[in-house]
Amino acid sequence: MSRQLMKGNEALLKSAILAGCRAFYGYPITPASEIAEAAALYMPKAGGVFLQAESEVAAINMLYGAAAAGVRSMTASSGPGISLMQEGVSYLAGAELPCVIADITRSGPGLGNIAAEQSDYNQVVKGGGHGNYHTIVLAPHSVQEMADLTALAFELADRYRNPVVVLADGFIGQMMEPVEFPHAAIEPHLPDWAVDGTAATRPNLINSLHLDCDEMEAHSRALEAKYRGAEANEARAEAWFTDDADIVLVGYGIVARILKAVAAEARAEGIRAGVLRPITLYPFPVLDFRRAAQTARVFLAVEMSNGQMVDDVRLALNGACAVEFLGRGGGNVPSHHEVLEQVRSIHSELLAQKDWTLHVV
């Protein structure tokens, strides 16, 4: 298929339809509104359903109903709307219903502003709702990945019968880049566990209520085993010049693109820098971090927040390397210059350590 120039938000929705999505329920919010607009335009043409709900609370519960009926379905929102959806997300996870949720993040807390930020990390990755559950979380860093990872999101949602979140900052959702849709269109089908209004499927009625304590514990243990399977098999990361890196820059979304440019310039100055970009924020790519730590001396986590992913970086490394942090908030982006200056500062500190021989490029 020829390449098409479009926004990340539109690429996400078109990819969802090609992946067999036939229901979208949502409520517009900047910077995610183009997803709902594209759904209103394209979903009916594909034989699907678009419905602008009266609120995000209504949208997530409509998603629950569609998912229970075996329909590949999704919603999209941003920080304040995702907050309103948290109870429904917990219900979806508890009932083991597959769906895709796009979070195109904006600055917060509260209403914040409409500029891009990455401060939804803890809410999405750590599970902002109640109970013992996880959502699988994918973090694109290009418009092409908005398409590719959305297709993957529907696959993983069905594979693990679990909500999957595509977490993208507002820059990735709003920017325009050429996109290809290489995957063939998937025809919707009814899963054997779904309810389709027939007597034969009535026993498939699903809820997340388990009044018996032992039954509830057994269900939680089963969910936990499923999450451990995802951690073992689905963690993804991009390693960029990390094999010999002394300083490893860590970031996702738009930040990762800045870090690659910084690492390239640092290497031109004789500083061995690399970039480790988590593609799955849950499951977090712990093994990729431990592999990089075998040669690296310092990791620098860079985020458009006050520091949320950095906690997972520290946990993954478990003291194997020093971890430093650089963050900007309020819709401000860590600049190429300020990241490079911190890399230079870290490099100077490493040179000053007498017990370490610096690699030479």
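**Entry 1: a pair in H6**

I began with Glu-155 and Arg-159, which are four residues apart in helix H6 and therefore separated by about one helical turn. Helices here are DSSP runs of H or I with at least four residues, strands are runs of E with at least two, and both are numbered from the N terminus. An α-helix has 3.6 residues a turn, so residues three or four places apart point the same way. I found a salt bridge between Glu-155 and Arg-159, with the closest N and O atoms 3.9 Å apart. For a salt bridge I required a side-chain nitrogen of Lys or Arg within 4 Å of a carboxyl oxygen of Asp or Glu. Glu-155 is partly exposed at 36% relative accessibility, and Arg-159 is partly exposed at 47%. My classes are buried for under 20% relative accessible area, exposed for over 50%, and partly exposed in between, with a 1.4 Å probe and protein chains only.

**Entry 2: ground rules**

The model is predicted, so I noted that local features need pLDDT of at least 70 and side-chain atom pairs count only at pLDDT 80 or more, while totals for chains, interfaces and linings use all residues. Residues are numbered from 1 along each chain as its sequence is written, and side-chain values use heavy atoms, with hydrogens and water left out.

**Entry 3: other salt bridges**

I noted 22 salt bridges in the structure. One of them joins Glu-231 to Arg-228, the closest N and O atoms being 2.4 Å apart. Both residues lie in helix H8 (residues 213-233), three residues apart, about one turn of the helix. Glu-231 is partly exposed at 30% relative accessibility, and Arg-228 is partly exposed at 34%.

I then looked up Glu-238 and Lys-260, whose side chains meet in a salt bridge at 2.9 Å, N to O. Glu-238 lies in strand E9 and Lys-260 in helix H9 (residues 254-268), so this pair ties together parts that are 22 residues apart in sequence. Lys-260 is buried, with a relative accessible area of 16%. Which residues are linked in a network of salt bridges? I listed Glu-145, Glu-238, Lys-260 and Arg-277.

**Entry 4: strand E4**

I found E4 (residues 73-77) mostly covered, with five of its five residues buried. On one side these are Ser-73, Thr-75 and Ser-77, and on the other Met-74 and Ala-76. E4 pairs in the parallel sense with strand E2 (residues 23-26) over two bridges, and Phe-24 stands opposite Met-74. I took two strands as paired if DSSP finds at least two bridges between them. E4 also pairs in the parallel sense with strand E5 (residues 99-105), over four bridges. There, Thr-75 has Ile-101 as its bridge partner.

I followed the chain from E4 through helix H4 (residues 79-94) to E5 and recorded a right-handed β-α-β unit. Right-handed means that, with the strands pointing away from the viewer, the path from the first strand over the helix to the second runs clockwise.

I counted as a nonpolar core a set of buried Ala, Val, Leu, Ile, Met, Phe, Trp, Tyr and Cys residues joined through side-chain atoms within 4.5 Å. The largest core has 58 residues, and those with the most contacts inside it include Leu-13, Phe-24 and Met-74. Helix H6 (residues 143-160) gives the largest share of this core, eight residues. A second, separate core of 53 residues includes Tyr-133, Leu-167, Tyr-252 and Ala-293.

I looked up the contacts of Leu-13, not counting residues up to four places away in sequence, and found Phe-24, Ile-35 and Met-74 among them. Contact means heavy atoms within 4.5 Å. Just after H1, Gly-20 takes a positive phi of about 95°.

**Entry 5: backbone exceptions**

Most residues other than glycine have a negative phi, and most peptide bonds are trans. I noted a cis peptide bond from Thr-30 to Pro-31, with omega near 5°; Pro-31 is in the loop between E2 and helix H2 (33-42). Another cis bond joins Gly-108 and Pro-109, with omega about 5°, and Pro-109 sits in the loop between E5 and helix H5 (121-125).

Glu-96 is not a glycine, yet has a positive phi of about 55°. It lies in the loop between H4 and E5 and is partly exposed at 24% relative accessibility. Phe-241 has a positive phi near 55°. This residue is in the loop between strand E9 (237-240) and strand E10 (247-250), partly exposed with a relative accessible area of 49%.
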